[in-house]
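Have the viewer open and try each task before reading on.

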Amino acid sequence: MATDKAGSWVYAEGFVPEDDTLLRARERAAELGCTAVAPGTGAALSMLAAASKARAVVELGTGAGVSSLRLLRGMPADGVLTTIDVEVEHQRAAKQAFAEEGIRPARTRTISGRALDVLPRLTDAAYDLVFVDADIENYPAYVRQAVRLLRPGGVLAVDDALWHDRVADPARRDEATTLVRETGRIVRDDDDLIVSLLPVGDGLLVAVRR
């Protein structure tokens with residue numbers, strides 16, 4: 001392994017610069033104490049949404065809208081983002097970011113509540129992309145629901161898949177790391193999915209439903 005791998009990671013993270021709208025959304029996330037996706041992860045989300053021509057997207061974990069903006073920028077002009085968060089204040093901040101971006105209200109559907117209460121009410125095989133970036137303890141349940149929601153050819157993306165670089169270390173056996181590892185195995189071992197683990201941000205687990 002090259003000794004300058006860390007430098008390459010930093011370069012890749014900043015390869016697609018963030019504009020003022022994203023930076024302001026990131027500042028609001030910091031003020032609210034919610035962790036926004038890394039710049040490299042955000043760029044990957046825009047690319048995945050564009051590549052899959054995702055018109056119907058579900059996001060678990062709105063935060064202050066950084067990842068939401070990235071997804072919307074990759075989606076077609078008629079695409080609709082359904083974003084779920086238990087914190088109303090987070091979604092209020094996200095709506096501010098949407099307004100600054102000039103996004104029509106009809107393009108976003110914000111749902112306040114626990115994702116595991118909301119997801120069962122969403123239609124099977126009706127979505128082009130599902131992004132998971134919510135509470136780690138429910139990741140295994142989230143990805144199972146996400147696969148149900150995806151149409152054939154739909155994309156699953158799971159943030160924090162390397163979990164502070166602990167997942168790769170077998171000596172790390174704390175609950176959060178164990179749950180992220182389990183999530184990775186669930187996705188990797190699903191014969192209906194084509195899987196890749198991208199080392200952007202804190203790890204982005206990506207899969208396409210056959």
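**Exercise 1.** Take T41: which helix is T41 found in, and does T41 count as buried or exposed?

*Solution.* Start with the location: T41 is found in helix α3. Helices here are DSSP runs of H or I with at least four residues, strands are E runs of at least two, and both are numbered from the N terminus. Next, the accessibility: T41 comes out at 0%, so T41 counts as buried. The cut-offs are under 20% relative accessible area for buried, over 50% for exposed, and partly exposed in between, with a 1.4 Å probe and protein chains only.

Before going on, some ground rules. This is a predicted model, where local features need pLDDT of at least 70 and side-chain atom pairs count only at pLDDT 80 or more, while totals for chains, interfaces and linings use all residues. Residues are numbered from 1 along each chain as its sequence is written, and side-chain values use heavy atoms, with hydrogens and water left out.

**Exercise 2.** Which residues does T41 touch, not counting residues up to four places away in sequence?

*Solution.* Contact means heavy atoms within 4.5 Å. With that cut-off, T41 touches E13, D159, V200, G201, D202 and L204. Now pick V200 from that set: T41 and V200 are 159 residues apart in sequence, yet their C-alpha atoms are 5.5 Å apart in space. Then look at G201, which sits in the turn of the β6-β7 hairpin and has a positive phi of about 55°. That hairpin has five residues between its strands.

**Exercise 3.** Which residues touch the most other members of the largest nonpolar core?

*Solution.* A nonpolar core is a set of buried Ala, Val, Leu, Ile, Met, Phe, Trp, Tyr and Cys residues joined through side-chain atoms within 4.5 Å. The largest such core has 32 residues, and V58, L60, I84, L119, V132 and L156 touch the most other members. Next, the suppliers: β1 (56-60), α6 (115-118), β4 (127-132), α7 (139-149), β5, α8 and β7 each give at least two residues. Helix α7 gives the most, with six. Apart from this core lies another of 25 residues, among them A44, L45, L129 and L204.

Zoom in on L119: leaving aside neighbours within four places in sequence, its contacts are V58, L60, I84, Y142, Q145, R148 and L149.

**Exercise 4.** K53 and W163 each have a positive phi without being glycine. Where is each one placed?

*Solution.* Take K53 first: its phi is about 50°, and its place is the loop between α3 (39-51) and β1. K53 counts as exposed because its relative accessibility is 56%. Then W163: phi is near 40°, in the loop between β5 and α8. Its 15% relative accessibility is why W163 counts as buried.

**Exercise 5.** How many helices and strands does the chain have?

*Solution.* The tally is eight helices and seven strands. The radius of gyration (over C-alpha atoms) is 16 Å, close to the 17 Å that the globule rule gives for 210 residues, so the chain is as compact as a globular protein of that length. That rule is 2.2 Å times the number of residues to the power 0.38. Finally, 49% of the 210 residues count as buried.

Conventions. Pairing = 2+ DSSP bridges.
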